[in-house]
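Me: Please examine the structure shown below and answer a series of questions about it.

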Amino acid sequence: MSQTPDSAVRAFIDDHRAAFLDDLAEWLRIPSVSAQPAHDGDVRRSAEWLAAKLTATGFPVAEVWPTPGAPAVFAEWPSGDPQAPTVLVYGHHDVQPAAREDGWDTDPFEPVVVDGARLHARGAADDKGQVFFHTLGVRAHLAATGRTAPAVNLKLLIEGEEESGSPNFRDLVEREAARLAADVVIVSDTGMWSETTPTVCTGMRGVADCEVELFGPDQDIHSGAFGGAVPNPATVAARLVAALHDEDERVTVPGFYDGITELSDRERELIAELPFDEAQWLRTAKSYGTLGEAGYSTLERVWARPTAELNGIGGGYQGPGGKTIIPRSAQLKLSFRLVSGQDPYVIEAAVKDWVAARIPAGIRHEIVFGAPTRPCLTPLDHPALQSVARSMGRAFGQPVRYTREGGSGPAADLQDVLGAPVLFLGISVPSDGWHAPNEKVELNLLFKGVETAAYLWGDLAEHWNADA
């Protein structure tokens, strides 16, 4: 009896499972810690190892791209079909620092399989495991379809500095934009809701952050001799913070909500269907109550609504006992999470105007913004998103639900520079412990990622031209 396409994919994966895990373990042994200069050579070795493995996989082009920091890896495998869409897969090969004394049960750079079910090592989930499943996925795709090249024009960009804040990533993308050009970007540096609830992320919030410095007298002065007669920069800082939100926890900066993409009724229904345990979520947050913009659920607030947060405040005497002064200065650190429809630079200008309008005479101020990250969002009906959901549903044997991410990442730079929608394909779960001791990946989920990738390229090629 001939195999079905799905059974052929699964049979190929089963036949190559052991060799795949051996190769992944070899890569995980390379301590590619981008944040520590002592490991610069290891990060380069990691990039070279991956480029060689992608060549062995069949990619006709696999290159190590230098940056002023750590190198990235680029690979390309043309389909040969002039109608095929072009897909760029993003991930990263650098990892967080890790040492046995941090609380690891084993050497973090010596992979260990526990109970035959999970692989422990730094990078197992974040992000080497999720990058590497694409190598076996594309081979299973070819074996099951009889093709000699993928059904899509497949490109990979695997960064080497994500765990260090991607300081050179945007410049790299802008410099190589012609070679990176794609119809869609797939990010495999993400996760699912849970082991039993496969999900696809449809977007991430952006971020703009700033530091505000407030200056009063040229030195700390006596609060008895001068208090009540000169402005106090710490008081001004407190008033700024107090004025940042109204009684409904909405941000008061004029124009802050202009043009944002509102949640549709269907999106709100899909979010409400997720098995969200708010009490457990609060325990994870080590917090004792929820608070946020009126009219929205907790998940809606952290995924789909913009925010303003005070990250730090300082000024004046902080030591033991009293010191009756008017301090010379005060400081605020603010961050703004942004959603689709918001431009970080427009928000930056609006915040600067808002702060300036609230500074009294006698107080000087400076406000400096860091490099922003734009939000990204893919509509539920986008053909590429539907291909990811269908492929994941085939692999897991159940319908796939949708989530968003409240945080931010370099994927938005790909959307911004390349003008391509960003989609997320990840199989990691919250218990995998990204950045923590004993990071792991569930092996059954890792191979579901392989299977999803094996289905995705054919599904995307079939539906792209008809639905795009």
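The questions that follow concern a predicted model.

Me: How are helices α1 and α2 oriented relative to each other, roughly parallel or roughly antiparallel?
Reply: The axes of α1 (residues 5-28) and α2 (residues 40-57) come within 10 Å and cross at roughly 160°. Angles over 145 degrees count as roughly antiparallel. The orientation of α1 to α2 is therefore roughly antiparallel.

Me: How many residues of the contact of α1 with α2 are nonpolar, polar and charged?
Reply: On the α1 side, the contact is made by Asp23, Glu26 and Trp27. Ser46, Trp49, Leu50 and Lys53 contribute from α2. These residues divide into 3 nonpolar, 1 polar and 3 charged.

Me: Which residues are in contact with Leu446, leaving aside its neighbours within four places in sequence?
Reply: Leu446 is one of the residues with the most contacts inside the largest nonpolar core. Another core, of 29 residues, lies apart from that one and includes Ile260, Ala330, Val355 and Ile363. Leaving aside neighbours within four places in sequence, the contacts of Leu446 are Phe20, Leu21, Leu24, Gly129, Phe133, Ile427 and Val441.

Me: Is Gln96 buried or exposed?
Reply: Gln96 has its place in the loop between β3 (86-92) and β4 (112-114). Beyond four places in sequence, Gln96 is in contact with Val33, Arg122, Glu163 and His435, and its side chain makes a polar contact with the side chain of Glu163 at 3.0 Å. Buried means under 20% relative accessible area. Because the relative accessible area of Gln96 is 18%, Gln96 is buried.

Me: Is Gly362 buried or exposed?
Reply: Gly362 is found in the loop between α11 (344-356) and β14 (364-369). Not counting residues up to four places away in sequence, Gly362 touches Phe215, Gly216 and Pro231. With a relative accessible area of 55%, Gly362 is therefore exposed.

Me: Which backbone nitrogen does the side chain of Glu439 reach?
Reply: Glu439 lies in the loop between β17 (422-424) and β18 (440-442). At 1% relative accessibility, Glu439 counts as buried. Residues in contact with Glu439 include Trp104, Arg122, Ala124 and Asp432, leaving aside neighbours within four places in sequence. At 3.4 Å, the side chain of Glu439 reaches the backbone nitrogen of Ala124.

Me: How many Å apart in space are Cys376 and Val422, C-alpha to C-alpha?
Reply: Cys376 lies in strand β15 (residues 376-377) and counts as buried at 3% relative accessibility. Leaving aside neighbours within four places in sequence, Cys376 is in contact with Thr202, Gly203, Met204, Gln415, Val422 and Phe424. Cys376 and Val422 are 46 residues apart in sequence, while their C-alpha atoms are separated by 7.0 Å.

Conventions
Residues are numbered from 1 along each chain as its sequence is written. This is a predicted model: local features need pLDDT of at least 70, side-chain atom pairs count only at pLDDT 80 or more; totals for chains, interfaces and linings use all residues. Side-chain values use heavy atoms; hydrogens and water are left out. Axes are lines fitted to C-alpha atoms, for helices over the stretch in contact, and angles run from 0 to 180 degrees between N-to-C directions. Helices (H or I, at least four residues) and strands (E, at least two) are DSSP runs, numbered from the N terminus. Angles under 35 degrees count as roughly parallel, over 145 as roughly antiparallel, 65 to 115 as roughly perpendicular and the rest as oblique. Contact means heavy atoms within 4.5 Å. Ala, Val, Leu, Ile, Met, Phe, Trp, Tyr, Cys and Pro count as nonpolar, Asp, Glu, Lys and Arg as charged, and the others, Gly among them, as polar. A nonpolar core is a set of buried Ala, Val, Leu, Ile, Met, Phe, Trp, Tyr and Cys residues joined through side-chain atoms within 4.5 Å. Buried means under 20% relative accessible area, exposed over 50%, partly exposed in between (1.4 Å probe, protein chains only). A polar contact is a pair of N or O atoms within 3.5 Å; within protein, one must be able to donate a hydrogen and the other to accept it, and residues adjacent in sequence count only if both atoms are side-chain atoms.
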